[in-house]
Amino acid sequence: MSNPTNLQYTKEHEWVSVEGDVATIGITAYAAEKLGDVVFVDLPKIGSQTTYMKICGEIESTKSVGELYAPLDGEVVETNSDVVDAPETVNSDPFGAGWLIKVRFSSLPELMSAAEYDALTGEA
Amino acid sequence: MPQTPLHAEHARLGASFTDFGGWDMPVRYTSDLAEHEAVRTKAGLFDISHMAEIFVSGPQAASFLDYALVIQSSAIAIGKAKYALICNAQGGIIDDLIVYRLADDEFLVIANAGNRHEVVAALKERAIFQGFVGVEDRSDDFALLAVQGPEATEKLQTIVDVDLSTLPYYSIDKGVIDGVAGYLCRTGYTGEDGFEVLVPAENSVQIFNALINAGIIPCGLAARDTLRLEAGMPLYGHELNLKINPYQAGLGRVVKLDRDADFVGKSALQSLSTKEANPVLVGLTGEGKRAARAEYKIFNGETEIGEITSGALSPTLGYPVAMAYVERNFSAIGSKVEVDIRGNRLEMTVVKLPFYKRSK
């Protein structure tokens, strides 16, 4: 599955879409595929603070538990309640309807481009 | 890492792979949940060729197995099968097995992939004093395919020559499968009706594809694990190991103590059978969607009282189920315990196994 070039990525397999001072964050198709069927997501509370590369949530599949790493420092302004109710959306549309949280930030750390993330995950 | 003869077929079907018992095995083709559901509602196909096929033969094969295993193999009728354990002298479980009687003087023993060499070595060592017995590890000659689910009989019937409806549960018969001679066994590890098909390794690709063409859905080991967990079936390395005895694992009924002849582990097992086993294997269920998984610790207040051995959010039931060893005092049906799920406590209740039983 190709990684959209308009997004930025982390080595822990999160994607980040920046609009103004708010970042929308999800996990990549590669991560969703590796996890298997997602059956439960535990997302941070609205208003909580995220810290760059600290765990802020969990994504559970039938077989394993994946951690959601915050790609940046900020404050959680929205969580995707549709995904909480229908966790399989993370598998079916990881880069779209399967987004997880929105975080307001003041500065962006350096993230990976789609090409760099492709290289990390061994995709051409 | 060893592969089954079907590895390239799995890759062609888009499977993801995982290390299971030291083998590179398909964990899923498309979706764990879809594959799990296929077995519960239709028919699923598993490549379990990693499992070991050990042939025990000779005039003293039956009395030898009576000595080597905890069951009385000499009492198995020809064409029948029995669940068995092979224990060490201390009563610890070396492996769990299925023993099929092929003829008066020939048995087929199916062992777990990860224990293949231990089981073969133990059988050969135990055969030294038992007269004319051949113990032959023929695992590499065969592929083993499991066809499981309510539609297993109907779908498999389209490519075999024997009338499957005449093959009772825990039986084995010779048959021709897609033109190839093999064995059909009415056994499984999913809690559903079904068959295990033993065929020559060199014909396995043809037969695997014939089964898929018959409408049987290929399923990976992830689904197999949640299926057997719901069915309350133990998995060696999780519920069973060398430090666990059959009475702890709820498998005391498998051990045939009331016979005159000696067998390996007999005196230890006799003594263990008179004591209260502790800790013991229990089934646990909880509420919500968060699974208690293998190795998570179990508490009563601040006191650790056990550990999860297998656990998942049950795909069929929709709530967390687990098997665990807990202190005997907390093992009664209805007991409440707390599981530490990565820092959060989940209350779980001891229930009778299995979690899932098919409607007949």
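Gly175(B) has Gly182(B), in β11(B), as its bridge partner. The strands involved are β10(B) and β11 (residues 180-185) of chain B, which run antiparallel and are joined by six bridges. Strands here are DSSP runs of E of at least two residues, helices are runs of H or I of at least four, and both are numbered from the N terminus. Two strands count as paired if DSSP finds at least two bridges between them.

This is a predicted model, in which local features need pLDDT of at least 70, side-chain atom pairs count only at pLDDT 80 or more, and totals for chains, interfaces and linings use all residues. Residues are numbered from 1 along each chain as its sequence is written, while chains are lettered from A and ligands numbered from 1 in the order in which they are written.

Axes are lines fitted to C-alpha atoms, for helices over the stretch in contact, and angles run from 0 to 180 degrees between N-to-C directions. Contact between two residues requires their C-beta atoms, placed from the backbone, to lie within 7 Å.

## The five-stranded sheet

A second open sheet in chain B has five strands. The order is β5-β6-β7-β4-β8, with antiparallel pairing. Strands β5 (81-87) and β8 (134-137) of chain B are at the edges with a single partner strand each, so one side of each has no neighbour in the sheet. From one strand to the next, the twist averages 30 degrees.

Strands β6 (residues 93-103) and β7 (residues 106-111) of chain B run antiparallel and share five bridges. Here Tyr100(B) has Leu108(B), in β7(B), as its bridge partner. Helix α4 (residues 116-127) of chain B lies across β4 (52-57), β5, β6, β7 and β8 of chain B, at about 10 degrees to β4(B).

## An enclosed helix

How many of the eight residues of helix α3 (residues 61-68) of chain B are buried? Six are, so the helix is largely enclosed by the rest of the structure. A residue is buried if 20 or more other C-beta atoms lie within 10 Å of its own, exposed if 12 or fewer, and partly exposed in between; C-beta atoms are placed from the backbone.

The buried residues of α3(B) are Ala61(B), Ala62(B), Phe64(B), Leu65(B), Asp66(B) and Ala68(B). Their cover includes β4, β5, β6, β7 and α4 of chain B.

## Two domains in chain B

An automatic or database domain assignment supplies the bounds. In chain B it gives domain 1 (7-49 + 140-230) and domain 2 (278-360). Their C-alpha centres lie 30 Å apart. The contact takes nine residues from domain 1 of chain B and eleven residues from domain 2 of chain B.

On the domain 1 side, α2 (32-41) and α7 (221-230) of chain B are the elements that give two or more residues. Helix α2(B) gives the most, with four residues. That side divides into two nonpolar, three polar and four charged residues. Ala, Val, Leu, Ile, Met, Phe, Trp, Tyr, Cys and Pro count as nonpolar, Asp, Glu, Lys and Arg as charged, and the others, Gly among them, as polar.

## Backbone exceptions

Most residues other than glycine have a negative phi, and most peptide bonds are trans. Asn278(B) and Pro279(B) are joined by a cis peptide bond, with omega about -10 degrees. Pro279(B) sits in the loop between α8 (266-273) and β14 (280-286) of chain B. A cis bond also joins Leu353(B) and Pro354(B), with omega about 0 degrees. Pro354(B) lies in the segment after β19 (344-351) of chain B.

His13(A) is not a glycine, yet has a positive phi of about 75 degrees. It is found in the loop between β1 (8-9) and β2 (14-19) of chain A. Glu295(B), also not a glycine, has a positive phi of about 85 degrees. Its place is the loop between β14 and β15 (297-300) of chain B. Which of the two is buried, and which exposed? His13(A) is buried because 23 other C-beta atoms lie within 10 Å. Glu295(B) counts as exposed, with 10 C-beta neighbours inside 10 Å.

## Interface and confidence

Seven residues of chain A are in contact with twelve residues of chain B. The chain A side has two nonpolar, two polar and three charged residues.

The predictor gives the complex an ipTM of 0.86 and a pTM of 0.94. Chain B has a mean pLDDT of 97, and 100% of its residues reach 70 or more. pLDDT is the predictor's confidence in each residue, from 0 to 100.
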